[in-house]
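Keep the 3D view open while you read.

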Amino acid sequence: MKLPRGIYGITDDSYTIKSHVKAAKVFLEGGVRIIQYRRKEGSIRQMLNEAREIRKLCNQYGAVFIVDDRVDIAILSDADGVHVGLEDAPVDEVKRRFSGIIIGASASTVDEAKAGEAAGADYLGAGSIFPSPTKPDYKILGLNGLKNVVQSVSIPVYAIGGVTLQSIPAIKATGAWGAAVISGILAAKDPVKMAKAFVEAWENS
């Protein structure tokens, strides 16, 4: 499956939209075509129900659906893929057991990026590019660091962390495949309008 270039929407229910499913719908209505369901707490039943709802929405909009961390939820909801962080399930083991699903890996250094690619990741989430309200304790990679990561691997790299509308042209200029956005869209007064603005900013820069 081809990974869409551009904006990568990550769900969150801590902004004005108090629902992961509604957050996904906002991204999709705004033109985003890759969605990650990221819930850190909750029962498996709750996660599975939400993931299946988002799967349906992604089908309607022709979007790629990724589940964060939870391989079990990804498989049971028929997600297109799973994103595993450095503390999550090893990329190579997931790849071996569940062939055919997209596997994303996190990287905050060139060495981690190379290791992710070597383990079989299909794409990387690289960051934090800038200080991020959702991950205040993450070390900052910066635009130069992002460029170094992009140049060190041959798989798509999505920038993540503190991404704003204004930073999209500079992120795209590094050769990144796309940029992951959470608060930049979900915290806006009109999230759908903001999602469209992000998508247009990427396409036009």
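## Two loops worth a look

Let's start with Asp69, which sits in the loop between strand E3 (64–68) and helix H3 (71–76). Its phi is near 65°, a positive value in a residue other than glycine. Bear in mind throughout that this is a predicted model.

The other loop to zoom in on runs between E6 and H6, and Ser128 is found there. Gly127 and Ser128 are joined by a cis peptide bond, with omega at about 10°.

## The barrel

How do the strands close up, and in what order? There are 8 of them, forming a barrel in the order E1-E2-E3-E4-E5-E6-E7-E8, with parallel pairing. From one strand to the next, the twist averages 25°.

Strand E5 (residues 102–107) pairs with E6 in the parallel sense over 4 bridges, and Gly104 stands opposite Tyr123 in E6.

Carry on to strand E6 (residues 123–127) and strand E7 (residues 157–160): they run parallel and are joined by 4 bridges. If you want a residue pair to click on, Leu124 has Val157 in E7 as its bridge partner.

E7 and strand E8 (residues 178–181) also run parallel, with 2 bridges joining them. Here Tyr158 stands opposite Gly178 in E8. To get from E7 to E8, the chain goes through helix H7 (residues 168–173), and this β-α-β crossover is right-handed.

## H1 against H2

Next up are the helix pairs. Helix H1 (residues 20–29) packs with helix H2 (residues 44–61) at an angle of about 15°, and their axes are 9 Å apart. That angle makes H1 roughly parallel to H2, and H1 passes H2 in a right-handed crossing.

Which residues meet here? From H1 come His20, Val21, Ala24, Lys25, Leu28 and Glu29, and they meet Glu50, Glu53, Ile54, Leu57, Cys58 and Tyr61 in H2. Sorted by class, the H1 contact with H2 has 7 nonpolar, 1 polar and 4 charged residues.

## H5 against H6

The other pair is helix H5 (residues 110–119) and helix H6 (residues 142–152), which pack at an angle of about 30° with their axes 9 Å apart. Why do H5 and H6 count as roughly parallel to each other? Angles under 35 degrees count as roughly parallel, and theirs is about 30°, so H5 and H6 are roughly parallel to each other. H5 passes H6 in a right-handed crossing.

On the H5 side, the contact is made by Val110, Ala113, Lys114 and Glu117; on the H6 side, by Asn148, Val149 and Ser152. By class, this contact of H5 with H6 has 3 nonpolar, 2 polar and 2 charged residues.

Definitions and conventions
Residues are numbered from 1 along each chain as its sequence is written. This is a predicted model: local features need pLDDT of at least 70, side-chain atom pairs count only at pLDDT 80 or more; totals for chains, interfaces and linings use all residues. Side-chain values use heavy atoms; hydrogens and water are left out. Two strands pair if DSSP finds at least two bridges between them. A crossover is right-handed if, with the strands pointing away from the viewer, the path from the first strand over the helix to the second runs clockwise. Axes are lines fitted to C-alpha atoms, for helices over the stretch in contact, and angles run from 0 to 180 degrees between N-to-C directions. Angles under 35 degrees count as roughly parallel, over 145 as roughly antiparallel, 65 to 115 as roughly perpendicular and the rest as oblique. A crossing is left-handed if the near helix is turned anticlockwise from the far one by less than a right angle, and right-handed if clockwise. Contact means heavy atoms within 4.5 Å. Ala, Val, Leu, Ile, Met, Phe, Trp, Tyr, Cys and Pro count as nonpolar, Asp, Glu, Lys and Arg as charged, and the others, Gly among them, as polar.
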